[in-house]
2 protein chains.
Amino acid sequence: MSILIRQVLLNNKPVDILINKNKIEKIASHIPTALSDEIVQAEGKAILPAFYNMHTHSPMVLLRGIGEDKDLFSWLQNDIWPREEKLTGEQIYIASRMAILEMIKTGTVLFNDMYFFMDETIRAIDEMGARGLISCVAMDLFDPKKTLQKKKDMAHFIQTPCSNKQVIKTIACHAVYTVSEELLLFSKDLAQKHNTYLHIHLAETEKEVLDCIEKTGLTPTKYLDKLGLLTPKTILAHCVWLNDEDQNIIKERGCLIAHCPISNLKLNSGQMPLNTYLKKGLKVALGTDGASSNNALSMFSEMKVAALSAKGESHDITAAPVSSILKMAHQTPAEFLGLNAGKIIEGALADFIFVDTHNTLTHPLQFLDSHCVYSLDSSCVSDVCVNGRFVLKNKNHPLENEIIDSFFTLTESFF
Amino acid sequence: MSILIRQVLLNNKPVDILINKNKIEKIASHIPTALSDEIVQAEGKAILPAFYNMHTHSPMVLLRGIGEDKDLFSWLQNDIWPREEKLTGEQIYIASRMAILEMIKTGTVLFNDMYFFMDETIRAIDEMGARGLISCVAMDLFDPKKTLQKKKDMAHFIQTPCSNKQVIKTIACHAVYTVSEELLLFSKDLAQKHNTYLHIHLAETEKEVLDCIEKTGLTPTKYLDKLGLLTPKTILAHCVWLNDEDQNIIKERGCLIAHCPISNLKLNSGQMPLNTYLKKGLKVALGTDGASSNNALSMFSEMKVAALSAKGESHDITAAPVSSILKMAHQTPAEFLGLNAGKIIEGALADFIFVDTHNTLTHPLQFLDSHCVYSLDSSCVSDVCVNGRFVLKNKNHPLENEIIDSFFTLTESFF
């Protein structure tokens with residue numbers, strides 16, 4: 001299956017692009033029609049790499065907007081946890097579809113997810129054609145009787161093969177303050193045995209760090225490192241509160257940091273020193289976190305706030321330049337995952353979006369990279385291609401009506 | 001002329017709304033068709049107050065994205081000022097239309113503007129039907145020979161009547177470090193004589209404050225107050241660096257602060273302590289500033305960053321709650337301007353937007369106020385009504401093609 005894209009703008013010049021299976025095969029000013037099975041006319045659209053959202057809890061779109069501006073624990077205890085406890089698999093499926101639709105419409109084609117009933121999220125991906133790193137979250141410290149059952153569930157989830165090549169099953173531990181040492185070690189072994197990624201919240205709040213030091217004598221980073229959880233396949237969400245030594249360990253181990261600046265500000269967790277980490281050469285990607293602490297799943301907002309927050313935190317107007325922020329949104333996570341993506345070049349994976357230049361937010365076209373970080377929003381995204389297949393065409397998603405309607409029906413009874 | 005809006009969602013319940021001339025006359029579960037000249041079907045749309053952008057330089061959309069991440073003075077000297085010097089009236093007109101289109105599409109119906117060739121911006125408003133507070137900016141310290149000419153220009157601009165009732169001509173002074181005492185006093189007298197608003201940048205950077213203290217022995221706020229420029233008709237943009245006494249003076253004088261959190265972070269000016277100001281009872285509205293330091297003109301992004309920045313700056317998760325942020329975006333500036341707006345009630349001015357709930361970003365519908373601050377973007381705005389007249393209908397603006405095309409043609413030769 002090959003697709004010929006006609007006259008799309010690449011670096012503000014119109015080109016033809018030939019997609020063969022899931023790769024960008026050829027880019028040229030003109031490519032003969034004979035080479036392709038399908039033609040996509042793209043005049044007036046610009047092509048950009050698609051985004052990879054490296055930390056989220058996709059079904060939490062269901063809890064978007066509830067209990068705003070409350071003290072953190074009152075919000076969790078009164079608004080979030082009681083509702084999460086009652087969630088069913090079907091509800092997770094409905095919410096996951098809504099989240100994936102929202103991500104596609106904001107140009108995101110891959111998300112690294114951590115929640116419950118994740119087979120339902122995989123079912124949603126199967127239908128909608130995104131990419132996902134999917135894991136059922138390990139958490140047992142609040143109820144130690146659950147450790148054994150959790151182990152069985154995790155082993156069952158990771159051992160069951162997934163036929164969808166765009167899904168990678170991963171292992172997720174919630175955090176050092178919610179997961180027992182026993183379950184952390186079990187998770188590490190399971191991830192190693194299945195050669196997959198390990199996903200964990202780390203050093204999100206100062207309290208997490210102080211409590212861990214009090215309990216173990218070590219920072220959360222050193223504690224995880226002692227247990228052997230920090231490897232080139234580990235994804236660390238947040239990392240707001242790392243000392244110098246923690247930063248060096250994470251750099252040496254080759255872990256990926258998923259920076260979630262909006263969530264960190266909204267929940268008053270603190271501001272991650274992005275400028276420092278980038279200068280040190282740490283691998284930093286971006287994540288939206290769940291929609292209940294953001295409250296969107298848009299990598300456009302995340303890039304903008306990442307740049308603003310980095311300049312504010314470092315008091316340096318030159319911090320977090322456009323090119324660095326863009327890399328965090330696609331190229332860095334792609335490289336970490338061993339994917340040749342995050343750039344529109346021959347041989348790269350066909351994960352890309354078209355931006356409709358018939359939109360004020362894309363102008364002046366000469367500075368589209370800057371607009372991608374600071375101006376664009378979902379109204380600009382017209383087409384999204386994942387792994388060589390268009391999942392959004394001319395702003396239309398075939399399941400949009402059905403997905404929004406079923407979500408609406410769910411929320412009418414849920415609240 | 002009366003318009004009957006059928007079954008629009010108000011606080012998540014469908015109602016009919018009758019607009020008579022420029023006011024909301026009646027809100028009821030059912031209003032007979034006989035009462036109206038025109039019917040607007042609004043099933044599946046929610047009504048919200050429109051936004052008032054209290055500080056911008058609209059034509060700067062033309063310079064959006066140029067010279068990102070540079071040191072402030074290198075950016076101004078190499079990228080901005082040389083291009084501003086060559087601007088023509090026709091270019092200002094083309095850029096103003098583009099900015100107004102962008103504002104309408106993000107739900108903003110009023111903007112408080114300060115730039116050059118502002119008759120051209122008024123011409124754009126005449127065509128497009130927004131509201132504007134419009135002023136030609138006074139600035140003479142870099143070239144004292146200009147003071148006299150500037151006085152003549154300002155007097156001419158303010159004396160020339162404007163037939164458009166949605167335009168208020170105002171007086172603008174750039175800042176204490178760019179305007180001579182002579183011109184500041186002249187501006188004050190001119191504003192008083194014409195009973196209009198005075199618009200000025202104040203305490204945007206720490207350097208501005210320190211330099212003013214060195215030169216005059218007073219903070220910029222006390223200096224302006226000594227000259228008599230602080231009145232209930234004064235709009236102060238930025239106000240990042242106010243001490244306690246400055247804050248008290250501004251509160252006592254009844255000035256409006258136009259808070260521009262995105263610009264302040266992007267240019268590394270600092271973070272205005274919004275939480276402190278709100279607790280003290282200062283009048284604070286929002287402004288996007290110009291598109292070259294934002295880089296959008298969206299009040300949605302501005303509200304989101306205002307909330308995030310306030311929580312981050314005050315280290316308080318309860319700071320800048322949704323209701324306060326929304327007020328800053330419409331009710332507070334409306335009250336300051338003596339307009340009965342910023343709320344959807346009988347008797348209020350018909351300045352409102354419809355949000356299309358057929359959009360993931362608006363769900364769960366139960367928490368639409370929160371989504372307005374944290375999730376919505378331009379893709380959600382379907383209709384915009386200014387002063388009883390729809391200027392956007394079902395996402396269509398009659399001049400959209402023409403405006404974007406002429407802007408595109410301009411930028412091709414401009415850069």
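## Around A:L236

Leaving aside its neighbours within four places in sequence, A:L236 is in contact with A:I200, A:L202, A:I250, A:C255, A:L256, A:I257 and A:A258. Here, contact means that the C-beta atoms of two residues, placed from the backbone, lie within 7 Å. This is a predicted model, in which local features need pLDDT of at least 70, side-chain atom pairs count only at pLDDT 80 or more, and totals for chains, interfaces and linings use all residues. Residues are numbered from 1 along each chain as its sequence is written, while chains are lettered from A and ligands numbered from 1 in the order in which they are written.

A:L236 also belongs to the largest nonpolar core, which has 269 residues. Such a core is a set of buried Ala, Val, Leu, Ile, Met, Phe, Trp, Tyr and Cys residues joined through C-beta atoms within 7 Å. The members that touch the most others are A:A130, A:L236, A:I257, B:L236 and B:I257.

## A buried methionine

Let us turn to chain B. B:M118 lies in helix α3 (residues 118-128) of that chain; helices are DSSP runs (H or I, at least four residues), numbered from the N terminus. Why does B:M118 count as buried? Because B:M118 has 25 C-beta neighbours inside 10 Å, and the cut-off for buried is 20 or more other C-beta atoms within 10 Å, with 12 or fewer for exposed and partly exposed in between.

Leaving aside neighbours within four places in sequence, B:M118 is in contact with B:D113, B:I134, B:S135 and B:C136. The C-alpha atoms of B:M118 and B:K169 are separated by 9.6 Å, although the two residues are 51 apart along the chain.

## Where the two chains meet

How many residues of chain A are in contact with chain B? There are 53, and they touch 53 residues of chain B. α11(A) gives the most to this side of chain A, with six residues. By class, the side of chain A that touches chain B has 22 nonpolar, 19 polar and 12 charged residues (Ala, Val, Leu, Ile, Met, Phe, Trp, Tyr, Cys and Pro count as nonpolar, Asp, Glu, Lys and Arg as charged, and the others, Gly among them, as polar).

## How the copies are related

Notes:
Helices (H or I, at least four residues) and strands (E, at least two) are DSSP runs, numbered from the N terminus.
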